[in-house]
Structures are given as structure tokens and as C-alpha cells.
Amino acid sequence: MAQQPFTASLGGGISYTELYDPKFKTCSLYFRFYARRAPETVAENALMIDLLTNCSAEYPTIAALALQKQSLYGASLQSSRGNSGDVQELTISAHWINDTFALDGESVTDAMLHLTLGCLLHPNAQNGAFDAESFRYCKQNLLDAIDCEINQKRSYAMQRAAEIAYAGEPAACPPYGTRASAEAVTAESAYVAWQRMLATAPLEIVAVLPEEKPQILPALRAAFQEITRQPLTVHFESVSPVKPTVENVEEPLPVTQCKLVMVMKTTDADHDAMRMLNLLLGGTTGSLLFANVREKRSLCYYCASRYVRSKHALTIDCGVRTENLEETKAAIMEQIETLRNGDFPDSMMHECTMFFEHTLAAASDSQSGMAGWVLQQKREGNSRTIEETAAALRSITREQVIAAAKKLQPDTVYTLLATKSDADGEEA
């Protein structure tokens with residue numbers, strides 16, 4: 001059974017959380033840096049974090065680092081890039097086998113701490129620039145990722161809707177930047193981005209372990225105490241203003257299935273009530289959108305909703321045939337009216353609560369889930385346990401859901417408009 005998390009401050013905007021659960025046989029360590037999301041830095045940040053897990057001063061090539069990880073019983077070191085509203089999230093995660101299973105009593109933990117901190121703090125760089133070959137490889141990866149975004153039509157439509165809904169706000173930045181901004185990144189500017197991250201980005205470190213590892217915290221303290229840090233303030237919650245008139249944008253593409261994204265906003269959000277509202281509307285397979293728009297009326301291939309807490313926005317997206325677009329829009333708004341009128345049974349709220357509790361319980365089944373829970377609570381400024389979060393949702397009343405639904409205002413409608421027919425044989 002998982003123990004209560006241990007937390008400590010390392011100073012300079014660095015927080016450390018350690019959790020133990022003996023059911024795990026491996027150890028995981030996560031470093032999550034937070035940067036302000038900006039068009040001029042998002043691409044170089046995304047490229048830089050990838051560079052840090054491909055090589056280091058001690059292991060100067062991808063092959064050399066891979067061989068060292070393999071020697072540590074197939075340990076892994078990975079990077080990921082994400083966004084939360086106006087904030088860019090840059091994560092490095094290390095995973096290795098627990099020392100109990102190592103041969104000859106060696107400490108894999110010590111070796112992985114050395115490797116991970118070496119990659120993070122001592123990259124393969126000289127004279128103020130990352131190694132040219134490693135940089136070329138990672139830059140091509142970033143450009144390929146940007147070029148491929150349009151191939152995932154659903155996520156592409158969601159991003160285009162976000163760009164329109166949050167125009168003029170940091171959240172409108174593409175996840176990895178534009179191709180032009182990525183092409184402009186140099187080995188020198190990526191190195192500057194690395195220095196900026198170490199000096200100014202708030203940092204959350206989370207360790208999820210099968211047992212206590214007393215060497216981790218001292219190693220982290222020693223590593224970061226040599227860095228002069230002046231962390232900037234980042235805002236995880238920034239209300240997006242509602243447009244005076246709904247913005248409708250259509251973008252034709254040579255596909256056979258339209259993608260419809262509708263964004264609604266509220267300036268005064270009750271987050272727990274909005275969580276329940278989202279589950280009722282389109283967050284489960286028993287939701288109003290799924291049951292009525294997809295199943296009963298067969299208007300779309302999928303239909304779901306998401307609550308974007310950081311922007312106080314509700315996003316609804318679906319895949320739909322061109323001839324069903326207008327009817328689908330109307331049907332979606334009918335479900336919103338159902339919530340505003342309170343025309344849903346108590347059993348639906350109960351089912352949503354059970355679904356949410358099951359989702360929360362599943363978080364403790366994996367190390368990534370447990371770390372994700374800690375990071376989410378920190379982001380939201382909460383200190384709730386999983387049980388307390390579930391209890392908060394159970395306490396939501398019908399009246400609160402109705403009030404939350406009445407505050408929702410339409411803001412943006414984005415349509416990726418299909419220009420091909422099924423006979424063309426093109427998949428959307």
C-alpha cells in the first residue's frame with residue numbers, strides 16, 4: 001500500500017516529493033520544469049529538452065548513452081513536452097530496476113542518479129552551443145513532429161480551435177511552435193534555452209519508489225545548490241475572456257470526415273461543478289453527447305467534451321459527415337440546454353461519480369499515474385488526497401451543475417471541412 005508522500009523544498013523554486021509503494025519493482029524519478037508559453041521560446045524549449053536525454057558530456061553520443069542505460073538492466077531516460085494553459089511543461093523522467101534485483105549488490109539507484117543529473121546539468125556542449133551532430137538529429141525530430149501534426153486530424157482540429165479561442169493569449173501557441181520558429185533554432189539558442197530553464201523555471205521533482213532511497217534527496221540538493229536560480233512566476237490558471245460574438249472558422253482539407261470543435265467559456269468557474277458537468281455532458285460513454293448525439297441520432301462518429309480548467313473553458317469535439325454538421329451543432333446545444341434545465345436523472349450523477357472514482361483509483365496502479373496525480377495537485381494548488389477529491393465530486397448537487405451550465409457562453413466554433421467523398425478512398 002502506498003505511503004503518505006514525503007515533501008521537501010530544495011530552495012530556488014524547487015520542490016521534491018517522494019512516494020513509496022512496495023508493489024512496484026522499479027524506481028521512477030520525474031523532473032518537470034515549467035516555462036511561460038511564448039511564440040519566441042516554445043520551439044527552442046521543446047528541442048532543448050529532447051537534447052538533454054540523447055547524450056551528455058560523459059556520454060557524448062546517442063549510442064554511448066544507450067549502451068550505458070542498457071548496462072543498467074535496461075534503464076530508461078526520456079523527455080516529454082506538454083502544455084497546461086499558458087504554461088509549457090518540460091519533463092525528464094528516469095526509470096530503473098530496484099537495487100534489490102541487481103546482481104552483486106550494486107546500486108543501480110546511485111548509477112542512475114549520476115547518469116540523469118549528468119545529462120540534465122552537464123550536457124554535450126562546448127563554447128556556448130550544443131554538440132552539432134546531436135543538435136541536428138533532435139532538430140530534425142522536432143521538425144518532423146511539427147510536420148506530422150496535421151496528419152492527426154482530431155488533435156490538429158483541437159489545436160486549431162485553441163489557437164482561435166485563445167487568440168492573443170499564450171495558450172494559443174502551437175505545442176512545439178511553428179515550423180518557421182523551429183527552423184530558426186540554433187545550437188547556440190538551444191543552449192541559452194537550457195541555461196534559462198535551469199535558472200528561471202520552477203521545478204517539481206517527484207520520485208515514486210518501492211522503498212525509501214535515502215541517497216536521492218541529498219544527491220539532488222548537492223546537484224542544484226551550485227546553480228543560481230531566480231525562478232519566474234507561472235500562472236497555471238488564467239481565465240480566457242469570452243468573445244463578444246461567436247467566432248466561426250471553417251478550414252477545408254482533402255479528407256472525408258469533418259472535425260467539429262466547439263469552445264464554450266465561463267468567467268466564474270466552480271471547478272468541482274464543472275468536472276461533474278463535463279462528465280455528464282461528454283466525459284463518459286453514458287454521457288448526454290454519447291448517448292443522444294452519437295448513439296440515438298447517429299449524427300457523428302464520436303462526440304466528447306473536456307474541461308480545460310486552466311482557461312475556464314469547455315471544449316466539445318466530434319467527427320461528423322458534412323451533411324450532418326448543422327444538425328450536430330444544434331444537437332450539441334440541446335444537450336447543454338438539458339443541463340441548464342436540470343433534465344437529467346440522479347442516477348447519471350451517481351454513475352459519473354463512480355466513473356471518476358474508478359479513474360482516480362487507477363492512478364495508483366502505475367508510477368506515472370501517481371506522479372501525475374502529485375503534479376496535478378501542485379498545479380491546481382490543492383493538497384487533496386484521492387479520497388478527498390472523490391468526496392468533493394460526490395458532494396456536488398444538481399443545483400450546482402445547473403448553475404455551472406448557465407454560466408457557459410459560446411465562444412468559438414471551428415470546423416475542419418472535408419472536401420472529399422467516401423468514394424475517393426481517403427481516410428480522415
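Student: What does L277 touch, not counting residues up to four places away in sequence?

Tutor: With contact taken as heavy atoms within 4.5 Å, L277 touches L314, L339, V401, A404, A405 and L408. This is a predicted model, in which local features need pLDDT of at least 70 and side-chain atom pairs count only at pLDDT 80 or more, while totals for chains, interfaces and linings use all residues. Residues are numbered from 1 along each chain as its sequence is written, and side-chain values use heavy atoms, leaving out hydrogens and water.

Student: Why is helix 9 called largely enclosed by the rest of the structure?

Tutor: Buried means under 20% relative accessible area (exposed is over 50%, partly exposed in between; 1.4 Å probe, protein chains only). Twelve of the 13 residues of helix 9 are buried, so the helix is largely enclosed; among the buried ones are H271, R275, L277 and G282.

Student: What makes helix 9 roughly perpendicular to helix 14?

Tutor: Helix 9 and helix 14 (residues 386-394) pack at an angle of about 75°, with their axes 9 Å apart. Angles of 65 to 115 degrees count as roughly perpendicular (under 35 is roughly parallel, over 145 roughly antiparallel, the rest oblique), and therefore helix 9 is roughly perpendicular to helix 14. The contact is made by D272, R275, M276 and L279 of helix 9 together with T389, A392 and L393 of helix 14.

Methods. Helices (H or I, at least four residues) and strands (E, at least two) are DSSP runs, numbered from the N terminus. Axes are lines fitted to C-alpha atoms, for helices over the stretch in contact, and angles run from 0 to 180 degrees between N-to-C directions.
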